[in-house]
Amino acid sequence: MTEPGFGVYVHWPFCAAKCPYCDFNSHVRRAEIDQDRYLAAFRREIAHMAALAPGRTVGSIFFGGGTPSLMKPETVGGVLDAINEAWAVDPGVEVTLEANPTSVEAERFRGYRAAGVNRVSLGVQALNAADLAALGRLHTVDEALEAVRLAVSIFPRASFDLIYARPNQTPEAWRAELAGALAHAPEHLSLYQLTIEEGTAFHALYAAGKLKTPDEETSRALWDVTQEVTERAGMPAYEISNHARAGAESRHNLVYWRYGEYAGVGPGAHGRLVVDGVRRELATERNPELWAAAVEADGHGVVVDEALSAEAQADEFLVMGLRLAEGIDLARFHRLSGRRLDARRIDDLMMDGMVERVGRDRLRVTRAGFPVLDAVVADLAG
């Protein structure tokens with residue numbers, strides 16, 4: 001299998017509004033954001049990460065958030081310049097920017113492309129007006145589809161997200177909506193089941209009995225429809241929630257799932273770097289203003305920097321790698337953990353149709369196992 005490679009994640013934490021389902025590190029600010037200040041801070045933190053992990057070649061860069069499409073193209077370009085100064089950058093580097101498909105942000109697309117972005121990921125989330133409103137999205141269906149059309153025409157690669165298992169959603173309605181999405185010729189779709197996360201507005205509504213999600217049987221039917229429709233369209237799942245045409249997989253996310261190294265910069269960013277031969281977990285200050293002040297004072301906003309034990313690495317490798325249709329390299333698990341997975345547990349899961357071997361050295365979750373992936377991973381890790 002392809003080596004995981006090295007990536008850089010850039011977190012832009014600001015949003016125009018907080019979506020009721022979102023538990024990401026995102027912040028709404030009424031005052032104008034001082035983008036020059038944040039760009040200077042990004043530059044310093046990138047230099048700090050490069051000092052920790054020198055000599056790498058960057059194969060992917062991902063601007064996530066928050067809402068990175070609220071960044072000025074000049075800010076994006078400045079960050080990319082800093083990355084180029086800090087590390088060698090692969091000539092075929094994938095540079096992804098997450099964007100919300102409002103008409104104002106779509107107008108920036110050409111500027112992002114000129115800055116060096118070659119892949120855009122659009123947060124469409126739904127293709128009907130009622131559900132867009134319920135999800136707290138600020139765009140209309142028409143704006144979303146126009147943004148998709150514009151993205152496909154400007155960027156070499158494009159993807160968009162949809163959320164399913166929404167309140168009152170039926171498998172028949174989801175089948176029609178997904179078919180409509182596929183009609184817009186994407187090469188990649190991220191299709192996420194709605195989850196109710198603690199601390200979100202949806203969680204409060206759910207706890208109060210004011211928000212009902214599909215029951216287990218309906219949720220499974222929605223999952224089955226997702227697999228059926230995307231496979232028929234030539235976009236099978238290569239990861240539990242991500243579907244792509246052959247060769248159009250997200251290279252940056254594959255760095256995570258294949259357990260590669262990545263530097264995380266910006267407020268609330270996470271990273272995994274091998275420093276002096278030791279794999280380390282890093283995370284930065286979540287509050288944007290406190291992060292910027294820390295970088296200005298110390299050259300970085302890192303608040304977590306811990307060596308990962310062999311056991312922790314093995315657990316992360318399992319959790320991330322078994323999300324992939326390609327599965328995991330058992331020999332690599334052994335190198336990371338110093339132990340082998342229990343052959344009896346593997347055999348039992350194979351008997352139940354949850355996992356399967358690929359050749360002598362790989363193990364992957366089956367189609368039947370993916371809907372209960374957490375239980376499969378827990379059983380193997382046990």
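Visitor: How many residues apart are Arg 149 and Glu 146 in helix H6, and why are the two said to be separated by about one helical turn?

Guide: Arg 149 and Glu 146 are 3 residues apart in helix H6 (residues 141-154), which means that about one helical turn separates them. The word helix stands here for a DSSP run of H or I with at least four residues, and strand for a run of E with at least two, both numbered from the N terminus. The model is a predicted one, in which local features need pLDDT of at least 70 and side-chain atom pairs count only at pLDDT 80 or more, while totals for chains, interfaces and linings use all residues. Residues are numbered from 1 along each chain as its sequence is written, and side-chain values use heavy atoms, with hydrogens and water left out.

Visitor: What makes the pair of Arg 149 and Glu 146 a salt bridge?

Guide: The term asks for a side-chain nitrogen of Lys or Arg within 4 Å of a carboxyl oxygen of Asp or Glu. Between Arg 149 and Glu 146 the closest N and O atoms are 2.7 Å apart, so the pair meets that limit. In general, side chains of opposite charge can pair when their charged atoms come close. A search of the whole structure finds 19 salt bridges.

Visitor: Why are Arg 149 and Glu 146 called partly exposed?

Guide: A residue is buried under 20% relative accessible area, exposed over 50% and partly exposed in between, with a 1.4 Å probe and protein chains only. Arg 149 has a relative accessibility of 46% and Glu 146 has 38%, so both values fall in the range between those two limits.

Visitor: What parts of the chain does the salt bridge between Asp 131 and Arg 166 tie together?

Guide: The closest N and O atoms of Asp 131 and Arg 166 are 2.7 Å apart. Asp 131 belongs to helix H5 (residues 129-134), whereas Arg 166 sits in the loop between strand S7 (157-164) and helix H7 (171-182), so the bridge ties together parts that are 35 residues apart in sequence. Arg 166, with a relative accessible area of 2%, is buried.

Visitor: How do you know that Asp 379 and Arg 345 link distant parts of the chain?

Guide: These two residues form a salt bridge whose closest N and O atoms are 3.0 Å apart. Asp 379 is in helix H15 (residues 373-381) and Arg 345 is in helix H14, 34 residues apart, and the pair therefore links distant parts of the chain. Asp 379, at 29%, and Arg 345, at 30% relative accessibility, both count as partly exposed.

Visitor: Which residues are linked in a network of salt bridges?

Guide: The network is made of Glu 94, Arg 157 and Glu 187.

Visitor: Is Arg 110 buried or exposed, and what does Arg 110 touch?

Guide: Arg 110, which lies in helix H4 (residues 109-115), counts as exposed because its relative accessibility is 57%. Leaving aside neighbours within four places in sequence, Arg 110 is in contact (heavy atoms within 4.5 Å) with Leu 150 and Ile 154. The C-alpha atoms of Arg 110 and Ala 151 are separated by 9.1 Å, although these residues are 41 apart along the chain.

Visitor: Why is His 27 called buried?

Guide: The relative accessible area of His 27, a residue of strand S3 (residues 27-28), is 16%, and His 27 is therefore buried. Not counting residues up to four places away in sequence, His 27 touches Pro 13, Phe 14, Cys 15, Arg 286 and Pro 288.

Visitor: What makes Ala 165 and Tyr 259 worth a look in their backbone angles?

Guide: Ala 165 has a positive phi of about 60° although it is not a glycine, and Tyr 259, likewise a residue other than glycine, has a positive phi near 65°. Ala 165 is placed in the loop between S7 and H7 and is buried at 3% relative accessibility. Tyr 259 lies in the loop between helix H10 (251-257) and strand S11 (261-265), and is buried with a relative accessible area of 3%.

Visitor: Where is a cis peptide bond found?

Guide: The bond joining Gly 65 and Gly 66 is cis, with omega about 15°, and Gly 66 is in the loop between strand S4 (57-65) and helix H2 (73-86).
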